[in-house]
Amino acid sequence: MITWVPSLLPLLLATGPQAPSPSPSPAAAATEHHENAPDDPFKLKPLAGGVHALYGRGGNVGFLVGPDAVLVVDSQYKDLAPGIVKKIASVTDKPIKYLVNTHHHGDHVGGNATFQPIAVILAHHNVRKRMLASPAEILRDYPARLEEARKAGNEARVKSLEEQIDWARKVKVEEIPAPVLTFESEVRVYVGGETIHVFHTPPAHTDGDAVVFFEKANVVHMGDIFFNKVVPFIDVAGGGSAKGYLTAIDLVMARVPASVTVIPGHGEVTDLAGLKAFRQYIADVIDVAQKAKLAGKSKEAFLKEVDLPAYKSFDGYDRRFKDNAAAAYDEAK
Ligand SMILES: [Zn+2]
């Protein structure tokens, strides 16, 4: 189960086997941030038409500076959110009016509380639903995990789980900074001369995925439907699906111009060719799983031997590739 618990996910990411979403590799992070002060986790990348990408420690942030308002996509972690606001203030004195959440994971919504007093937070229905359900799920699932962690002597994990259980006991559902404006299939936001299309795709990364397309700027923020040169996390428990990735990516590609600039949920900003390369990775994982199933191979035997050497350079291959393969095998007919 993936929770969005704001302050604790970094720890969970570092220690939990079910790490929600990957951060860039140390090597990537080093090149990303080489111009920054050592204590500055951010790197700002102006794109087109007032749209910027902001790399930090969680999922990539995107924001649009309009003539009288700012719209932000995703809020990373609780401890980083004030820094996001500061970075935006270094570019514009216009107020932040909207925050779009691309899905419910903690590295994308963990900073929502910072935006809650100033911005309208919007997302797909399931983002709100999953955020509000998280205390009950923690109280149901985490005590057993805590026992395991204690037995294994994993102190960092024990501490993280204890803190989350404690949070879940105390929090009031109405205090959770979930989206207050939700949609089923899509919504448009108009900021100055820009039209921002926020649309849901069939379940891919989760069942609450949204893509944000800045029409005039010709920039699309994909959320975690796209990990650029990074092996994705497919949140099957959160309604995600390997095959859904292909459907979702195809749907986006049919909707945006070929010249679009693409902000992935993780990894560097790229173009449509970069997105297609990631689509090929998903297609290859599905293909190899489908063949194994058709050949009558057991899941266990398949997972033991499966390997796609062409993608070994993707960050997270060692940690998440087999999980992707398992998801694809389960979905194969
Ligand atoms: Zn995610």
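This is a predicted model: local features need pLDDT of at least 70, side-chain atom pairs count only at pLDDT 80 or more; totals for chains, interfaces and linings use all residues.

Student: Which residues touch the most other members in the largest nonpolar core?

Tutor: That core has 43 residues, and Val-220, Met-222, Tyr-245, Phe-278 and Tyr-281 are the ones with the most contacts to other members. Elements giving two or more residues to it are β10 (210-214), α8 (242-255), α9 (272-294) and α11 (317-331).

Student: And which of them gives the most?

Tutor: α9, with 10 residues.

Student: What is Phe-278 in contact with, leaving aside neighbours within four places in sequence?

Tutor: Its contacts are Ile-225, Phe-226, Phe-227, Val-230, Pro-232, Tyr-245 and Ile-249. There's also a second, separate core of 21 residues, with Leu-64, Phe-183, Val-198 and Phe-214 among them.

Student: Switching to rings: how many aromatic pairs are there in the whole structure?

Tutor: Eight. One of them is Phe-302 with Tyr-329, stacked at 5.4 Å centre to centre with 25° between the planes. Phe-302 sits in helix α10 (residues 299-305) and Tyr-329 in helix α11, so the pair ties together parts 27 residues apart in sequence.

Student: Are those two buried or exposed?

Tutor: Phe-302 and Tyr-329 are both buried. Tyr-317 and Phe-321 are stacked as well, because their ring centres are 4.6 Å apart and their planes are at 10°.

Student: Which charged residue lies over the face of Tyr-329?

Tutor: Lys-293, at 4.7 Å from the ring centre. Arg-255 lies over the face of Phe-199, at 4.0 Å from the ring centre.

Notes. Residues are numbered from 1 along each chain as its sequence is written. Side-chain values use heavy atoms; hydrogens and water are left out. A nonpolar core is a set of buried Ala, Val, Leu, Ile, Met, Phe, Trp, Tyr and Cys residues joined through side-chain atoms within 4.5 Å. Buried means under 20% relative accessible area, exposed over 50%, partly exposed in between (1.4 Å probe, protein chains only). Helices (H or I, at least four residues) and strands (E, at least two) are DSSP runs, numbered from the N terminus. Contact means heavy atoms within 4.5 Å. Rings of Phe, Tyr and Trp (its six-membered ring) pair if their centres lie within 6.5 Å; planes under 30 degrees apart count as stacked, over 60 as edge-to-face and the rest as tilted. A charge sits over a ring if NZ of Lys or CZ of Arg is within 6 Å of the ring centre and within 35 degrees of the ring normal.
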